[in-house]
Amino acid sequence: AADTRDADAASSGQEAPCEVVGPTTLLVHNIPPGVTFEALMTQWPPDGTFDFLYLPVSYNQRALGCAFVNFVTPAHAEAFRATWHWARLRGFESKRPLRVALAKAQ
């Protein structure tokens, strides 16, 4: 239905709804090995600002040290980066703070 509506808007000379412009996917480095998906969801509760969270794990279900988070707007991604870049996850021992960067693939 959205495709039809956009096509109808274009043919009638109306502007189609704008899409999200700017980076929305972040890569969070230095996730401690004992962190689980559930632990991340506690620290980063699903509040509608992101729509995807992926924590890669090894064959024995240990975190591989990074997580991917896709936000619904670039502003939400920037707010997350401002909060968590160089921060540490509560309740986990880690030698290194989190490093939040733009994911290469958007």
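Student: How many salt bridges does a search of the whole structure find?
Tutor: Side-chain values use heavy atoms, without hydrogens and water, and residues are numbered from 1 along each chain as its sequence is written. A salt bridge needs a side-chain nitrogen of Lys or Arg within 4 Å of a carboxyl oxygen of Asp or Glu. For the whole structure, the search gives one.

Student: Which residue forms a salt bridge with arginine 81?
Tutor: Side chains of opposite charge can pair when their charged atoms come close. Here the closest N and O atoms are 2.9 Å apart. Both residues lie in helix H3, three residues apart, about one turn of the helix; helices are DSSP runs of H or I with at least four residues, strands are runs of E with at least two, and both are numbered from the N terminus. The partner of arginine 81 is glutamate 78.

Student: Is arginine 81 buried, partly exposed or exposed?
Tutor: Buried means under 20% relative accessible area, exposed means over 50%, and partly exposed lies in between (1.4 Å probe, protein chains only). Arginine 81 has 29% relative accessibility, so it counts as partly exposed.

Student: In what order do the four strands form the sheet?
Tutor: Two strands pair if DSSP finds at least two bridges between them. The pairing is antiparallel and the sheet is open. Its edge strands, each pairing on one side only, are E2 (50–54) and E4 (99–102). The order is E2-E3-E1-E4.

Student: How many residues of E1 are buried?
Tutor: In a regular strand the side chains alternate between the two faces of the sheet. Thr25, Leu27 and His29 point one way from E1, Leu26 and Val28 point the other way, and all are buried. E1 is therefore largely enclosed by the rest of the structure, the count being five of the five.

Student: What angle does the direction of helix H3 make with that of E1?
Tutor: Helix H3 (residues 74–84) packs on the sheet and touches E1, strand E3 (66–71) and E4, where contact means heavy atoms within 4.5 Å. Axes are lines fitted to C-alpha atoms, for helices over the stretch in contact, and angles run from 0 to 180 degrees between N-to-C directions. Between H3 and E1 the angle is about 15°.

Student: How many aromatic pairs does the count come to?
Tutor: Rings of Phe, Tyr and Trp (its six-membered ring) pair if their centres lie within 6.5 Å; planes under 30 degrees apart count as stacked, over 60 as edge-to-face and the rest as tilted. One aromatic cluster is formed by Trp44, Phe50, Phe71, Phe80 and Trp84. The count of pairs is six.

Student: Is the pair of tyrosine 54 and phenylalanine 68 stacked or tilted?
Tutor: Tyrosine 54 lies in strand E2 and phenylalanine 68 in strand E3, so the pair ties together parts that are 14 residues apart in sequence. Tyrosine 54 has a relative accessible area of 42%, and phenylalanine 68 has 26%. With the ring centres 6.3 Å apart and the planes at 25°, the pair is stacked.

Student: Where is tryptophan 86 placed?
Tutor: Its phi is near 70°, a positive value in a residue other than glycine. Tryptophan 86 is exposed, with a relative accessible area of 56%. Its place is the loop between H3 and E4.

Student: Which element has the lowest mean pLDDT?
Tutor: The protein averages a pLDDT of 84, and 80% of the residues score at least 70. Over residues 1–16 pLDDT stays under 50. Where pLDDT is low, the predicted coordinates should not be read in detail. The highest mean, 97, belongs to E1, and the lowest, 41, to helix H1 (residues 2–11).

Terms used
pLDDT = per-residue confidence, 0-100.
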